[in-house]
Amino acid sequence: MRTFRIGGIHPAENKFAAGKKIKTAAIPKQVVIPLAHYIGTPADPIVKRGDVVMVGQMIGQASGFISANVHSSVSGKVVKMDVQLDASGYKRPAVFIEVEGDEWLETIDRTPDIKRECTLSKQEIVDKIKAAGIVGLGGATFPAHVKLMPPPGKKAEVLIINAVECESYLTCDHQLMLEHAEEILVGVTILMKALEVNRAIIGIENNKKDAIQLFKKLAVNYKGIEVETLKVQYPQGGEKQLIDALLRRQVPSGTIPVEVGAVVQNVATTYAVYEAVQKNKPMIERVMTITGKDAPSPGNYRVRLGTYLSSVVEEAGGIPEGTGKIVGGGPMMGRSLMNLNIPMAKGSSGVVFIREAESIRKPVKNCIRCTKCVTVCPMGLEPYLLMAQSERNMWPEMETNRTMDCIECGSCSYTCPSNRPLLDYIRFGKSTVGGIIRSRTSK
Amino acid sequence: MITMSIVLISLITLGVIGAVASIILFVVAKKFHVFEDPRIDEVEAALPAANCGGCGFPGCRGFADACVKSDELGDLFCPVGGNDTMSKVALILGKTAVAQAPKVAVVRCDGTCEHRPRYNEYDGVKHCFIAHNLYSGETNCSWGCLGFGDCELSCEFDAIKVNPVTMIPEVDDDKCTACGACVKACPKLLIELRKKGPKSRRIYVGCRNEDKGHITKKACDVGCIGCAKCFKVCPHEAITVENNLAFINDEHCKLCRKCVEVCPTNAIKEINFPPRKVKTEAVLND
C-alpha cells in the first residue's frame, strides 16, 4: 500500500460518526450567508435589504481572480446586510435572510436521478463551476474553477481526487462517498473533461474499506478512473502529500501541483461539481460532521450554508457535558471556536467537541533536541529551528529555511514530547514572511 | 646541541614571520585607512547610548553619523535624550536644533475586566502577536488590548507594564522616552505617541474600536461609539470622527476638557488633571 514518503503521524482515528447516514438538517428561521471565505476577496453583494430571494439565487458576485460567487441557500427576504463574526472572531460582511417557505429556482433539477451524459465543452464546464461558486471543500476553500485553468504553458496530465479524509473524527466525505458514489464518478468524468486529461486517480485511505470496495466495483464502468488504496497516515489529505503518495512526484517548493502535471480536487468538491454541471445546483449546502467522544449522537448532516452552527448542534443533541473546547473542522487543522453563534461557511467540514481534560494545553518545557518534529514534518522542514527563529523575529532566515512551504498540518506540535507550541510560532512566522514577500514582489 | 638549534630555528622562523606580517599589516592599514569624522564619536558620546532605534536609525552611532552628514538637524531628533541632548549635539556640530515637544506613549484601550467581559479563554502561547494571528481575542471587542504584554517585552526602559489586575498596560510618564518600540510591538495598533503636554496633562480617546455604536456598546462599557458629541462640543476643531471612532489631534487640542464632560461612555481620558471643582448647589441654582 502506498503512502507519502516524508514524515507523517498516526493520531487516534475516533471516527464515531462513520457509517451514520447523512441526515438533512432542518431549514433554520434565519440564515446568515457570509460573503467572504478564508481565502480570497469577499464577493460583492448584488441584493439589497427587502429583496426576495429564492434557493439558488446568486446574492454575491465574485470580485477578483481568487473569489467565488455566493448563492442564497434558502428562500425568503433579505432583512439586512451587516457584519457577522466569523470563526476567528473578526467581523466579515454577510447577508441576513429571513426564511419563508422553500422555493427553489426552477432551473435546478431536484430529482435524485443520476444524469451521466455531459455534452458541454471544456469552457462551458469551467464557466458553470465558476457560476455555481464552488470552492474546495477540503477546508482551504480555494475556488475550484481556478484550479481547472492551469497557467499558460502548463498542462495537467492526471486528475487526483482527494478522498483521503485523513483528519481524525471527520466522516462527512466518507459517508458522501458511500451514498453518492455514482454521482461522484460522473463528477470525476466532468472534471477530466474540463482538464482534458485521460487519467484520474481516486485516493482513498485504507480505513474506509467499504468505500474502496464500492468505488472499485463502480469505477470499472468509467474509462480512465483508477481507485488507489492508501495506507492510513496523517496528513495524506495534503495536496502535495497525496501527489507524492500516488504519483511519486514531489511538487517543487513555491509552485503549484500542475507543475508536476497533477490537479487535485476534493471528493466533496467533485460531488458539488456534479450537482452544479448536471443539475444546475449552485453551492448552497454541504455535508458536515458533528462529533466528539461524548457527543450524544455523532452524525453527518447536510446543512444549508449560513445556518448557525448552534442550531445544527442543537439538532444533533446539543453540547455534551464536560466539553472544554469546540473545534470547527478536524481536530488537527481546525480552529477552536469562540462560540457557536457563527454561520456555517463553505469550508465548515465539522464540529468536534473535545473533552475538557483533553483540551488543556500541557505546560511547555524546553526543547530537548530529539528531532521528532523533523522526523514527522511531511514537508521536510525543521520545525524546532523555525520556531526558534520566529521567536527571535529572524524573518530572512525563516524564509531561507522555507517556512512558506509549511502546510500547517500540526504534526510537529502533536508529536513534541516537550509540548512546545511549534505550529503557533511557525504560523505567525509564515504570515509575517508572507507579508514581507508580498510587499517585495509588489514593488 | 640539537635542542639548542631547534630553539634557535623556531625563534628565527617565528621572528621572521612576525616581522613580515607586521610590515604587511602596517602597509595595509596605511593604504586602506578610512577617514572617519571625529565628530561622530563626540556626538555619539553625547547621545544616551540606549540604542533603541526610536530615532529611526540603527543605534546611536547610526544617528550620530546621520547628524554629522546632514546639513541641518531639522527632522533628526533623539526622542530619548530630548531637547537637552539635541542642543548638545547642535553645539558640537555648530548647527541649530529644532526644539520638539516631548512625547509620551498612550494606550488607547481601557477594556479592563470590569468594562469588557471575557467570553472565552485563550490557552495558547501567551504572546499578543500569536493570539492576534489566531483570532480576535477573549472579549467581544476585536480591536482592544489582548493583555499578554508584548509592549512590556519590547520596552527597553521599563516604562510600560501590564497591570495584573486590569490586564491593560500602563505607561510610566517619567520613564517613557517615546522611542516607539511598543507602538511597533502592538498588533492591535493601540499605542500612540502623543504630546506629553504641560505638566504631563493630556486628553485622548482611549479606544480604537471602529465598529458601529451598538456593537461597541455590547462589547465594552468604555468604548467609543462614534456619537460625535465631542466633535460638536470641541471649540478648537481638534476632534475628527471617522469610521465610528473619534480622534483628538494633539496639535490643536487646548486641553479644555469639554469633550471629556460630554462623552457618554467615558471613552475620552484625561490624565494628570487636578480634580474638578464640584459644582455646589448655589452655582447650579444661578
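1. In what order do the four strands of the open sheet in chain A lie? In this predicted model, the order is E2-E8-E7-E4, and the strands pair in the antiparallel sense. Strand E2 (30–34) and strand E4 (52–53) of chain A are the edge strands, since each pairs on one side only. Strands of a sheet pair through backbone hydrogen bonds, either parallel or antiparallel.

2. One residue pair may be followed in the structure: Val31(A) has Ile97(A), in E8(A), as its bridge partner.

3. Strand E3 (residues 44–45) and strand E5 (residues 58–61) of chain A are antiparallel and share two bridges. Within this pairing, Gly60(A) of E5(A) is the bridge partner of Pro45(A). E5(A) also pairs with strand E6 (residues 70–71) of chain A, again in the antiparallel sense and over two bridges. Here Gly60(A) has Val70(A), in E6(A), as its bridge partner.

4. The domain assignment divides chain A into domain 1 (26–99), domain 2 (122–279), domain 3 (287–359) and domain 4 (372–442). Between the C-alpha centres of domain 1 and domain 4 of chain A the distance is 34 Å.

5. Which residues have the most contacts inside the largest nonpolar core? They are Leu159(A), Ile160(A) and Val273(A), in a core of 191 residues. Helix H4 (residues 181–195) of chain A supplies the largest share of this core, with nine residues. In soluble globular proteins, nonpolar side chains tend to be buried together.

6. The surroundings of Leu159(A) can be listed. Apart from neighbours within four places in sequence, Leu159(A) is in contact with Leu191(A), Met192(A), Leu195(A), Val197(A), Ala200(A), Val263(A) and Gln265(A).

7. Lys293(A) is found in the loop that lies between strand E13 (285–292) and strand E14 (299–304) of chain A. Is this residue buried, exposed or partly exposed? Lys293(A) counts as partly exposed because 16 C-beta neighbours lie inside 10 Å, whereas a buried residue would need 20 or more and an exposed one 12 or fewer. Leaving aside neighbours within four places in sequence, Lys293(A) is in contact with Asn14(A) and Arg355(A). Between Lys293(A) and Asp86(A), the separation is 207 residues in sequence and 25 Å in space, taken from C-alpha to C-alpha.

8. How many residues does each chain give to the contact between chain A and chain B? Chain A gives 14 residues and chain B gives 14 residues. On the side of chain A that touches chain B, helix H14 (residues 422–442) of chain A makes the largest share, with five residues. By class, this side of chain A holds six nonpolar, four polar and four charged residues.

9. Chain B has a division of its own, into domain 1 (39–93) and domain 2 (103–271). The C-alpha centres of these two domains of chain B are 31 Å apart. Five residues from domain 1 of chain B and seven residues from domain 2 of chain B take part in the contact. On the side of domain 1 of chain B that touches domain 2 of chain B, four residues are nonpolar, one is polar and none is charged.

Methods. Residues numbered from 1 in each chain as written. Chains lettered and ligands numbered in written order. Predicted model: local features only at pLDDT ≥ 70, side-chain atom pairs only at ≥ 80, totals over all residues. Pairing = 2+ DSSP bridges. Core = buried A, V, L, I, M, F, W, Y, C linked by C-beta atoms within 7 Å. Contact = placed C-beta atoms within 7 Å. Nonpolar A, V, L, I, M, F, W, Y, C, P; charged D, E, K, R; others polar. Domains from an automatic or database assignment.
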